[in-house]
Amino acid sequence: MTTDLNEVLVEWSYRTSDGKPDVKNNAKLIILETVLKDFGWSREARAELLGTLMEVDIVRKKQPDGSMGSSYTVQKHNPEKGQVLVTKNASDDDVAKVTKGKVDKEKDKGEEKPKVDKKNKELNQDIDTLEQETFTQTEIEPSDEEFEKNNSDTAAENQINFEEEMKKFEPHKFPKKYLKVLGRMLNTRLPLTSKTKKLGHFTKEGGAGEIRSQAGELVGMIASSIQDPNEREEFLRTLENHMDNNDNKLIADKGWVKAARQNNQAIDDSLNTEFPDGYEVVASSWDVDNEAEALGMKPPIQKNKGESTDQYMKVKTPDGKTHLVEISLKKDKNIRLTNTSPEALVKLKNFTDDEKKELEKNLKDKKIEDVPEPGDGKTDIEDISFSAYADYQKKKWLKFGNDNRGDVIKLIKDGKIEKDVLRKLNIDVNNPDERVDELLNGKGSSRTRNKLLLQVAQQTENGQKVIDEVNSNTKKVLSNITQAIGSEPVKSKMLEAVREKLPLRSLVSGEESMAVGDFMMDKRTMKKVFGTDNFDDIKEDLIVDESETPPVIKYIGKGSDEPIVIAKINIREEGVGYGQSIRFDMSLSNDFAKKCKEAHKTELKQAKRAD
């Protein structure tokens, strides 16, 4: 980063048509802004310097502790804002002194030592992975006998002896217990049941997740351990033939086999580019801590692993050194980047009075609708409040329930309410009266109680009215929040959160890679797309464009002549009509996926030419 003002001035002069910088010429100030950006100045520093050059009065302001703050420039001294005039109509020399302070501050910031990645990615080079217990263990819980008993009503018609079939692919370079786990999934038919939708039905080890995705991850992980392309294809075809024999109605299906084929080709491309002198796959494992340790990764694994790692690979290069490869597996480009709550962004109780005033002012011309509770019939800042949405929904359903208590009791006794709802609310089907009265007095989980009353409303003559009213109010709140995210200070708060939530940092740094269908998002493709491998620079050039529907995250930096749409933002209700929860989703855009795929292909072509 260049902070020498003489260098900046020379470059600015060179880029102007007449060679004469002029702070009173807006067109030339735009050129200066470009110069500063090219010299590595942050967005905040650029804005601050440009603002300084255009302003004329120098002022100071009293701080909370009674002391006077540093001098700064304004267009016009305003005593009402607590400004104490230092210099009226400041000269260029006066302004330069203030500016120098800002430049020095930016220089100091630029010379700070980069943050050290405290994650330990070095593998223990002495560990023999395939001899570790977690890789040699074959027996799992539940036992084969217990599994067959538990799975008897969901067993596939045409079974496969997966362990026997896999002998042709020995030696196995993955934890051997997965022969049983994936074999059980391949012998379990759809549709999913309350048992088969959980990994615990197949093995007591493992984490949470959607079972069919987990089956797909296992297929991909085992395939990655088979380095020979022909043998790997034979393995995948073995799975597809078995799936065809069961009409592709198994827990593990052909869609994930296709994804595994594409993902592993993308992984091959990435590894061949990363290690042009060649590599050997030592082992592959799932995202399980003791398996990562068996690869040689040093604990604590959760601290040292990547943000979204699904599997690990250990590869060995001709120099005898082993390397850790962390991979996030995506079936295709339809990726949800984050699924969280936007509440922290617009939680009004966390706003300062000044922030509330700024927001009220900026919402004035927006299409904000009135939310009945706790509003007063007039649109105001409270109408973007989550509490307004949740309070309205809760009160509306409680009133409906009390007005229709008889229908609630009858439908419960008649078995017309989902058993899972009754279980969660601890309602005895044969004697529901006392518990229902407690719930209608406001006790118990609001979300599940609302769901119970929604099911009652769906089955009663006058229920549609309350359903329509609740949904209409929710629609207002979602619209209001969407409007609010384009208004300051919510916009800035959200953008900062978005910058941190997008899982780009680990990809840009090379900490992990993401296999997306048939292309790879890794440090090389990221650099091609963004034009830099500095995540902080990328973060500076991410913006929120709320003018589009839905709103989008855009990258406006030097990686492309035109802005790149990174992700689409979707604000939605979780549990339509009853959930009392709003989610903030970001999904990968087709624009960004296309750019990454093109970069992947370019990297691969360059690597092949180098060979």
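Predicted model: local features only at pLDDT ≥ 70, side-chain atom pairs only at ≥ 80, totals over all residues.
User: How are the rings of Trp 397 and Phe 400 arranged, stacked or edge-to-face?
Analyst: Edge-to-face, because their planes are at 85 degrees, with the ring centres 5.8 Å apart.

User: And are those two buried or exposed?
Analyst: Trp 397 counts as buried, at 0% relative accessibility. Phe 400 is buried too, with a relative accessible area of 6%.

User: How many aromatic pairs turn up in the whole structure?
Analyst: A search of the whole structure gives seven. One of them is Phe 147 with Phe 202: the centres are 5.9 Å apart and the planes are at 45 degrees, so that pair is tilted.

User: Where in the chain do Phe 147 and Phe 202 come from?
Analyst: From distant parts of the chain, 55 residues apart. Phe 147 is in helix H6 (residues 144-150), while Phe 202 is in the loop between helix H8 (177-186) and helix H9 (211-224). As for burial, Phe 147 is buried with a relative accessible area of 6%, and Phe 202 is buried at 0% relative accessibility.

User: Which residues form an aromatic cluster?
Analyst: Phe 530, Tyr 555 and Phe 592 form one. Phe 530 and Phe 592 also show up in the largest nonpolar core.

User: OK, cores then. How many residues are in the largest nonpolar core, and which touch the most other members?
Analyst: There are 48 residues, and Met 521, Phe 530, Ile 566 and Phe 592 touch the most other members. Strand E12 (residues 564-573) gives the most to this core, with five residues. There's also a second, separate core of 35 residues, including Ala 156, Tyr 178, Met 243 and Trp 286.

User: What is Met 521 in contact with, leaving aside neighbours within four places in sequence?
Analyst: Leu 507, Ser 513, Met 514, Val 516, Met 526, Phe 592 and Cys 596.

User: Switching to H20. How many residues does it have, and how far does it reach?
Analyst: H20 (residues 463-484) has 22 residues and reaches 32 Å from its first C-alpha to its last, close to the 32 Å expected at 1.5 Å a residue.

User: Which residues of H20 are buried?
Analyst: Gly 463, Val 466, Ile 467, Val 470, Asn 473, Thr 474, Val 477, Leu 478, Asn 480, Ile 481 and Ala 484. They cover an arc of only 160 degrees around the axis, so they're on the same side of H20.

User: Which exposed residues are on the face turned away from that buried side?
Analyst: Lys 465 and Lys 475.

User: What about phi at Asp 247 and Asn 248?
Analyst: Asp 247 has a positive phi of about 55 degrees although it isn't a glycine. Asn 248 has phi near 55 degrees, again a positive value in a residue other than glycine.

User: Where do they lie, and are they buried or exposed?
Analyst: Asp 247 lies in the loop between helix H10 (229-245) and helix H11 (254-274), and Asn 248 lies in the loop between H10 and H11 as well. Asp 247 counts as exposed at 60% relative accessibility, whereas Asn 248 is partly exposed, with a relative accessible area of 28%.

How values were computed. Residues numbered from 1 in each chain as written. Heavy atoms only, no water. Core = buried A, V, L, I, M, F, W, Y, C linked by side-chain atoms within 4.5 Å. Buried < 20%, exposed > 50% of the residue type's maximum accessible area, 1.4 Å probe, protein only. Helix = DSSP H or I, 4+ residues; strand = E, 2+ residues; numbered from the N terminus. Contact = heavy atoms within 4.5 Å. Expected span 1.5 Å × (residues − 1). Arc of directions from axis to C-beta. Phe/Tyr/Trp six-rings, centres within 6.5 Å; stacked < 30°, edge-to-face > 60°.
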